[in-house]
Amino acid sequence: MSLLHIAIFSPFLMAILVPLFYKGLRRIHTGWFVLILPIVLFTYFLQFLPVTRNNEAIEKSFDWIPSLGVRFTAYVDGLGLLFALLITGIGALVVLYSIFYLSKEKEKLHNFYVYLLMFMGAMLGVVLSDNLITLYMFWELTSISSFLLIAYWYDRDRSRYGALKSMLITVFGGLAMLGGFLLLSIMGDTFSIRELIAQASELNDHPLFLLALVLVLTGAFTKSAQFPFYIWLPDAMEAPTPVSAYLHSATMVKAGIYLVARLSPIFAFSEYWFWLVGGVGIFTLFWGSFNAVKQTDLKGILAFSTVSQLGLIMSLLGVGAAALQFDGINDNVYTAATIAAIFHLINHATFKGSLFMVVGIVDHETGTRDIRKLGGLLSLMPITFTIAVIGAFSMAGLPPFNGFLSKEMFFTGMIQLLDLDLFNLQTWGILFPVLAWVGSVFTFIYSMMIVFKTFTGKYQPEQLEKTPHEAPIGMLIPPIILAVLVVVFGIFPNLLSYNLIQPAVAAIIPSLIEPGEKIAVHISHWHGFSTELKMTIGVVALGAIMYVTVNKWNKVYNLFPNKVTLNTLYDTSLYAAERGAYTLTKSVMTGFIRTYLVYIFIFFIGILGFTMWTEDAFKIDTSQLAPIGIYEVVLALLILLGTVTTLIARSRLTSILALGTVGYTVSLFFVIFRAPDLALTQLVIETVSVALFLLCFYHLPKLSRHEERMSFKLGNLLISAGVGVTVTLIAISSHSNKWFDSISKYYIDNTYEKAGGENMVNVILVDFRGFDTLFEICVLGIAALGIYGLIKLRLGKKGGAIDENE
Amino acid sequence: MKTNDVILQTASKVVFFIIILFAIHLFFAGHYHPGGGFVGGLMTSGAIVLLLLAYDIKTVSQGFPIDYKILIGVGLLFAAGTAAGALLFNVPLLTHAFGDFNLPLFGKTSLHTAMLFDTGVYLVVIGVTMTIIQTIGESE
């Protein structure tokens with residue numbers, strides 16, 4: 001347990017203390033106490049920067065379940081540190097924002113901060129774990145805390161719906177990912193990611209490799225809201241806005257990105273990885289941005305925009321995998337895509353965080369997030385407007401903000417694919433730049449919608465619930481910091497180059513780098529009048545035209561009816577699953593014992609008949625048979641007569657008496673087979689049981705006492721015949737297959753010698769195997785007490801004794 | 001109207017003792033001839049059932065003031081006690097011992113601890129059958 005571990009666990013420890021602060025110090029907003037922790041953690045993680053700058057890593061480890069090879073290895077390299085800084089940095093800003101966003105009096109703050117801290121700790125654990133199992137543990141903790149945070153206002157229907165949806169989808173992916181992890185550990189015989197990376201080339205030829213790849217990607221895609229799993233993210237917008245800003249834009253949804261980046265060194269040599277990550281990413285980019293334009297809720301737009309931007313990063317990571325097909329980093333232009341991915345990851349966290357906070361402010365100050373009601377807030381909320389402009393323009397990819405740079409690099413990465421002669425890219429490669437460009441046009445449109453539909457246009461005070469005014473300063477500070485970062489990174493991008501981006505990229509493509517070597521990361525503003533710049537100009541031009549004429553062409557969204565959406569698919573499949581399970585249970589579990597008996601018997605016939613058939617077990621051996629005497633024949637006919645009479649008798653009384661005949665004949669069989677003890681017992685017991693049957697018969701209710709023959713059902717006949725035939729066949733076969741002599745010789749020899757008796761049956765019962773007898777008399781005793789209890793203890797439904805006189 | 005069961009009742013009084021004797025014979029003969037605790041117990045309760053048929057439950061339970069549920073417990077205690085008694089002599093559970101003894105009245109007699117076990121069975125069987133029959137008979 002090192003300081004690093006304590007840092008990872010500190011949010012959990014803090015979460016334990018939060019309720020104490022909340023109950024004990026009511027006058028101070030609990031958030032202020034919480035705020036200290038992410039700030040401390042942020043500065044703590046900053047001190048690792050000099051280490052990771054040199055592409056070195058820190059590793060601390062302690063055993064958790066050593067017998068299973070599960071260690072908690074905290075591993076800080078460029079990639080992990082970048083995420084840790086994002087988590088703690090934006091975490092601090094979000095906590096500060098939430099202090100002003102959530103009311104001290106009305107909200108259950110202790111719940112909120114416990115969940116938030118739990119999430120923060122889990123997220124730190126995800127990005128700093130080297131062990132697959134600990135990573136999975138923290139991964140599921142993020143799912144759970146996200147579930148709790150989405151349903152923070154649990155008295156609202158939509159919150160619960162959104163929480164359940166995100167839970168189902170992310171946990172589905174998480175379990176798939178666990179499967180992938182286990183396959184990886186089977187292939188590589190270790191849970192450590194770095195040891196797996198070391199043997200990456202051997203893993204590539206393993207038969208389980210492709211399955212592991214698909215399963216791990218399922219986990220990453222569900223968490224990072226890629227197509228078609230993105231549907232939970234728009235519904236997760238029911239969470240409080242600080243949560244949306246933190247989890248659903250900056251951190252949790254990037255866990256999938258992190259996973260893809262982290263496992264790239266293992267999987268990225270594969271063609272499937274390239275197509276799955278790149279293809280799904282680029283399509284998500286297009287689909288998310290296309291759908292964002294039709295949203296009317298600001299948070300809805302931002303949700304789809306997040307989906308789209310995550311798709312962008314994902315596609316860059318996929319395309320970056322192409323770099324691994326060439327040796328060395330000199331002249332390897334495909335590393336540019338990975339650099340762009342990391343750069344855009346940082347940029348997205350900054351501008352999307354600030355935009356969410358802006359939307360939160362607008363919501364907080366006007367009471368609505370519907371862009372049809374909003375408008376003309378420019379003069380009322382100038383600071384918010386400025387932040388919104390910076391964030392949205394950066395998102396749209398306009399200079400001089402950081403989004404411009406990463407978008408240029410994105411285009412570069414996509415265009416370079418056209419020169420690549422791999423993975424059938426000659427045929428389909430053109431789709432990447434085309435979808436990227438179209439997606440960017442839509443991105444431009446919705447970015448403009450966020451700014452201009454909210455802040456310009458006609459001011460409609462009658463539509464608003466509150467009188468809007470500028471937000472309190474505490475709510476403005478976090479987005480201002482983020483907006484300043486947007487501008488700073490936009491103007492001085494190389495602040496990040498070698499401090500953060502290069503170490504992270506080095507962690508994603510380690511096999512390309514010789515020790516001591518560094519990837520050249522230099523982000524330049526102006527690289528000539530290139531294709532990328534022409535594409536950006538095209539995006540702005542077409543985007544502007546389309547934004548102005550949006551009312552003309554937005555009928556295109558009506559082309560797809562509401563029924564043909566992934567949400568409908570999700571809802572109907574959930575409904576169908578419930579309905580189907582219900583119908584299945586209803587049809588199988590009828591509540592009739594005879595149905596269950598039919599199941600049992602059919603299974604009995606099936607399994608035994610099948611075994612007999614496949615094992616070719618049937619055998620008749622007549623050499624061991626005893627001669628048949630006349631008595632046996634007569635008694636057998638008698639017993640047959642009794643049985644048939646029992647079955648076809650019209651009256652129950654006849655059946656009871658016929659059954660008695662069968663019993664007495666059995667005792668006669670015992671006589672002629674020389675079993676006097678059995679004959680005696682059978683005789684008495686048969687008498688008693690017939691008497692009891694008669695008692696039951698006498699007390700049958702008069703009302704429904706129909707004297708009618710058992711009704712005939714062909715199915716029942718077949719099943720009972722089947723059971724009879726099966727048992728008979730087994731009996732014949734087992735009689736013909738005696739492999740060992742009986743042990744009864746021992747009893748015959750020793751009954752008098754050792755047990756001092758002459759009645760062998762009785763000696764076996766009380767002496768040789770008296771233990772059985774002991775428990776058989778226990779059974780009898782229990783039966784008697786059971787009958788006594790049934791008859792004497794008559795409790796009504798409420799537990800009181802029923803008065804028999806009533 | 002009260003029927004007069006004098007023949008049945010008189011016959012029962014005689015037959016009862018014959019059946020009891022037969023039952024006791026079956027019980028004691030168990031180790032050497034067909035019989036034993038189980039059949040002996042059933043036959044004994046059969047004798048009591050005969051009295052139940054000839055008279056009524058009240059009369060019979062005055063004649064035999066026994067709570068048959070306790071009889072079950074006593075029987076089980078006999079059987080389990082015999083089984084556990086073997087442990088006192090440092091031999092496995094349910095190990096029986098036997099031998100010939102010269103008893104004052106019976107002369108040379110073979111005694112067997114299995115008999116104690118069988119007594120347990122005997123008592124339980126009586127208790128069980130009588131509990132069942134009496135409970136059902138008393139219920140309305």
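# Chat about a few spots in chain A

Q: Where does A:Val556 sit?
A: In this predicted model, A:Val556 is in the loop between helix H24 (550-553) and helix H25 (566-588) of chain A.

Q: Is A:Val556 buried, exposed or partly exposed?
A: A:Val556 has a relative accessible area of 29%, so it counts as partly exposed.

Q: How far is A:Val556 from A:Lys294, going by C-alpha atoms?
A: Those C-alpha atoms are separated by 9.8 Å, with the two residues 262 apart along the chain.

Q: OK, another loop. Where do I find A:Ser651?
A: Look in the loop between helix H27 (630-648) and helix H28 (652-672) of chain A.

Q: And why does A:Ser651 count as buried?
A: Because its relative accessibility is 18%, and the cut-off for buried is under 20%.

Q: What does a polar atom of the A:Ser651 side chain lie 2.9 Å from?
A: The backbone nitrogen of A:Leu653.

Q: Now A:Ser145. Which helix is that in?
A: A:Ser145 belongs to helix H6 (residues 132-150) of chain A.

Q: Buried or exposed?
A: A:Ser145 is buried, at 0% relative accessibility.

Q: Which backbone oxygen does its side chain reach?
A: The one of A:Leu141, at 2.8 Å.

Q: What does A:Ser145 touch, leaving out residues up to four places away in sequence?
A: On that count, A:Ser145 touches A:Tyr115, A:Met118 and A:Phe119.

Q: Switching to helix packing. How do the axes of H2(A) and H5(A) cross?
A: Helix H2 (residues 30-46) and helix H5 (residues 109-128) of chain A have axes that come within 10 Å and cross at roughly 15°. The two helices are therefore roughly parallel to each other.

Q: Left-handed or right-handed crossing?
A: H2(A) passes H5(A) in a left-handed crossing.

Q: Which residues meet there?
A: From H2(A) you have A:Thr30, A:Gly31, A:Val34, A:Leu37, A:Pro38, A:Leu41 and A:Phe45, and they meet A:Leu109, A:Tyr113, A:Leu117, A:Met120, A:Leu124 and A:Leu128 of H5(A).

Q: How do the residues of that H2(A) and H5(A) contact divide?
A: Eleven are nonpolar, two are polar and none is charged.

Q: And what about H13(A) and H15(A), at what angle do the axes cross?
A: The axes of helix H13 (residues 254-267) and helix H15 (residues 298-320) of chain A cross at roughly 0° and come within 10 Å. So H13(A) and H15(A) are roughly parallel to each other.

Q: Who's in that contact?
A: A:Lys254, A:Gly256, A:Ile257, A:Val260 and A:Ala261 of H13(A) meet A:Leu310, A:Ile313, A:Met314 and A:Leu317 of H15(A). By class, this contact has seven nonpolar residues, one polar and one charged.

Methods: Residues are numbered from 1 along each chain as its sequence is written. Chains are lettered from A and ligands numbered from 1 in the order in which they are written. This is a predicted model: local features need pLDDT of at least 70, side-chain atom pairs count only at pLDDT 80 or more; totals for chains, interfaces and linings use all residues. Side-chain values use heavy atoms; hydrogens and water are left out. Helices (H or I, at least four residues) and strands (E, at least two) are DSSP runs, numbered from the N terminus. Buried means under 20% relative accessible area, exposed over 50%, partly exposed in between (1.4 Å probe, protein chains only). A polar contact is a pair of N or O atoms within 3.5 Å; within protein, one must be able to donate a hydrogen and the other to accept it, and residues adjacent in sequence count only if both atoms are side-chain atoms. Contact means heavy atoms within 4.5 Å. Axes are lines fitted to C-alpha atoms, for helices over the stretch in contact, and angles run from 0 to 180 degrees between N-to-C directions. Angles under 35 degrees count as roughly parallel, over 145 as roughly antiparallel, 65 to 115 as roughly perpendicular and the rest as oblique. A crossing is left-handed if the near helix is turned anticlockwise from the far one by less than a right angle, and right-handed if clockwise. Ala, Val, Leu, Ile, Met, Phe, Trp, Tyr, Cys and Pro count as nonpolar, Asp, Glu, Lys and Arg as charged, and the others, Gly among them, as polar.
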